[in-house]
Number of protein chains: 2
Amino acid sequence: MKKHNFSAGPAILPAPVLKEAGKAAVNYQGMGLSLLELSHRGPEFTAIIEEANALMKEIIGLPEGYQTLWLSGGASTQFFMAPMNLLNAGETAAYADTGTWANKAIKEAKGFGNVQVVASSKEQNYNFIPKGYKIPRDAKYLHLTSNNTIFGTQLHKFPKSPVPIVCDMSSDFLSRPFDPTQFGLIYAGAQKNLGPAGVTVVIVREDLLGTVQRHLPSMLDYRTFIQENSLYNTPPVFPIYVSLLTLRWIKKNGGLKGMQRRNRTKAAVLYQEIDRNPLFKGTTAVEDRSLMNVCFVMEEKYASLEKEFLKETEANGMVGLKGHRSVGGFRASIYNAMPKSSVQALADLMADFAKRKM
Amino acid sequence: MKKHNFSAGPAILPAPVLKEAGKAAVNYQGMGLSLLELSHRGPEFTAIIEEANALMKEIIGLPEGYQTLWLSGGASTQFFMAPMNLLNAGETAAYADTGTWANKAIKEAKGFGNVQVVASSKEQNYNFIPKGYKIPRDAKYLHLTSNNTIFGTQLHKFPKSPVPIVCDMSSDFLSRPFDPTQFGLIYAGAQKNLGPAGVTVVIVREDLLGTVQRHLPSMLDYRTFIQENSLYNTPPVFPIYVSLLTLRWIKKNGGLKGMQRRNRTKAAVLYQEIDRNPLFKGTTAVEDRSLMNVCFVMEEKYASLEKEFLKETEANGMVGLKGHRSVGGFRASIYNAMPKSSVQALADLMADFAKRKM
């Protein structure tokens, strides 16, 4: 029986993608070789990465001047690699502190220049997205985290910024349309909406590169990946292939608008149940609720029922619903690939549980 | 029909490993979830990485004080990360220049300290392994490349070194027994003998770390990976799992001694044919011939037959035999997983081709 996978990441991928990935790992396109043992310089992988780049450009609507790069090391590597490539010692970058990952990005950036934290929701355990803050015109860039996986908040409207935005989109990448021209650099670990762990997408406005003075090792210089079409060294072949399969699936299912419709519908099912159900409550400001990670707890007086409810979800084939220790309670991660039926199953169980317990 | 895969890397993996990997990508251990969508913090992946570490320790015979780390970014990332972690500005590291990859390691190390090239075979197009060179006692380490994938040479005996050896073992890792205590740090991209592209193994003598003064981003500090058991951030889950499957296969097939026997037998079949066959000749010093990458060309007067022979290999289901442009001719990569039958098929074709052409 296929499980309902609510994991925060690595997370659910579309069922046809997984099926195709499994076939490729044994015999790629019937050629008598596994994709895992094919040269990254051969015609098969060249076709894969070229199609992935073209689809990324088409699906997002990337204008000229933006490059898609396939790296590894996760968003955690981008936390330092972005400032290393964009920020000279002595220059300042503005950061919004909206959660655990934003906080790590801030910590790593401090190794390379001045960091000005222009907004923070830390005092309220990151349960909202700060708005209306001032963005200094002399900052090199503004760093944002578009979706906060742990706390269940999401930036529904990017601020107007006088400086290029550098954005960690790991946990809501390709979940909705966005205007790429606001961004100088976008990065996303694949393991939420795009593919398996092991590949990180970077989309960069090429004209921002080449302005830092420090020594950059070849593998830490975005220009290396631009010049070599992400093939300076052996890239993570299989994770890139699975990402391509997901890109095809996104295109087939209405592109980013289609994803947004799916995601809005699914999130509505769950948030409506949370708001309606007397046992549960959401943990974040309503206007900042994430369409990807739905965080909720039990009302104080029912808190003793949390373990029991978690057990029931597991007994009903639902996995990954335990909330992160920073928030407690429950977290339902309902990325692009999550079918509405799984979300409905959870909402139904919540309703049924309340009926039995009230 | 399964092809004979002579690719230099990503390269052949054991058939049972590929079969198991394909199953895991669809439904891991019948649990109703793909390994690609499982949390790296869950019990399944915890078991995978713990078994992989234990098997690595057992198979190599790692003594206390050595740690196995699972990173990404390939050997190309280790080219700078090793000196970044081991070499202070102003200190000197000794490097042996034995091929293209050694050369890149030298280039990247220069960004972090003084590099003294203590030996080089560059003048003779890297067709031998320099020996008997002096290793300065005040060097922080000696960097070696144990097998030169492009040129087909291999270090059959590591030099006695007064300083710890840092070794790029990417293309002959786990192909033979070795004494780990000579080494301060070993690194290997998985995509030759261990797994698919996307994971890099580092084995490090822990007491060498923490002596550099420079700022190290968390993701570039080996100590981060030691402290967090390679789980500081989301690791490349699937490539690590496939590596575990290969480690199990190595253990089952006699460990490193078993691999060495297999590899010696296979290489002998091919080198004997090269030496016997009037059309072909090896490109390297005989005593430095690699058991992993067998490089050969046609004798000058038959050079016009190269294309025809390459076509015949392809017609016989053999892929990846075209030599690297730096050497020309042919390169048969015959890593651990390559069956003797494939090597025999190539040797037989060479013999048959000569019979027809002479």
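View 1. Tyr126(B) is buried, having 26 other C-beta atoms within 10 Å; a residue counts as buried with 20 or more other C-beta atoms within 10 Å of its own, as exposed with 12 or fewer, and as partly exposed in between, with C-beta atoms placed from the backbone. The model is predicted, so local features need pLDDT of at least 70 and side-chain atom pairs count only at pLDDT 80 or more, while totals for chains, interfaces and linings use all residues. Residues are numbered from 1 along each chain as its sequence is written, and chains are lettered from A and ligands numbered from 1 in the order in which they are written. Tyr126(B) sits in the loop between β4 and β5 of chain B (helices, H or I of at least four residues, and strands, E of at least two, are DSSP runs numbered from the N terminus). Its phi is positive, about 55 degrees, although Tyr126(B) is not a glycine. Asn125(B), in the loop between β4 (114–120) and β5 (142–145) of chain B, also is not a glycine and has a positive phi of about 50 degrees. Asn125(B) is partly exposed, with 13 other C-beta atoms within 10 Å. Most residues other than glycine have a negative phi, and most peptide bonds are trans.

View 2. In chain A, Gly9(A) and Pro10(A) are joined by a cis peptide bond with omega of about -10 degrees. Pro10(A) lies in the loop between β1 (4–5) and α1 of chain A. In chain B, the bond from Gly9(B) to Pro10(B) is cis, with omega near -10 degrees, and Pro10(B) is in the loop between β1 (4–5) and α1 of chain B.

View 3. Buried residues of α1(A) are Val17(A), Leu18(A), Ala21(A), Ala24(A) and Ala25(A). They lie on the same side of α1(A), because they cover an arc of only 125 degrees around the axis (the arc is that of the directions from the helix axis to the C-beta atoms). These residues pack against α6 (237–252) of chain A together with α1 (15–26) of chain B. The axes of α1(A) and α1(B) come within 8 Å and cross at roughly 175 degrees; axes are lines fitted to C-alpha atoms, for helices over the stretch in contact, with angles from 0 to 180 degrees between N-to-C directions. That makes the two helices, α1(A) and α1(B), roughly antiparallel (angles over 145 degrees). Across the two chains, 51 residues of chain B are in contact with 51 residues of chain A, contact being C-beta atoms, placed from the backbone, within 7 Å. α1(B) gives the most to the side of chain B that touches chain A, with seven residues.

**View 4. The rotation axis.** Chain B can be laid on chain A with an RMSD of 0.0 Å by a turn of 180 degrees and a shift of 0.0 Å along the axis (least squares on the C-alpha atoms of residues with pLDDT of at least 70 in both). That is the relation of a two-fold axis. Gly22(B) comes closest to this axis among the residues of chain B, at 2.2 Å (C-alpha).

**View 5. Met292 of chain A.** Met292(A) lies in the loop between β11 (280–282) and β12 (293–298) of chain A. Met292(A) is buried, with 30 other C-beta atoms within 10 Å. Residues that Met292(A) touches include Asn147(A), Asp172(A) and Tyr335(A), not counting residues up to four places away in sequence.

Note on methods: Parallel < 35°, antiparallel > 145°, perpendicular 65-115°, else oblique.
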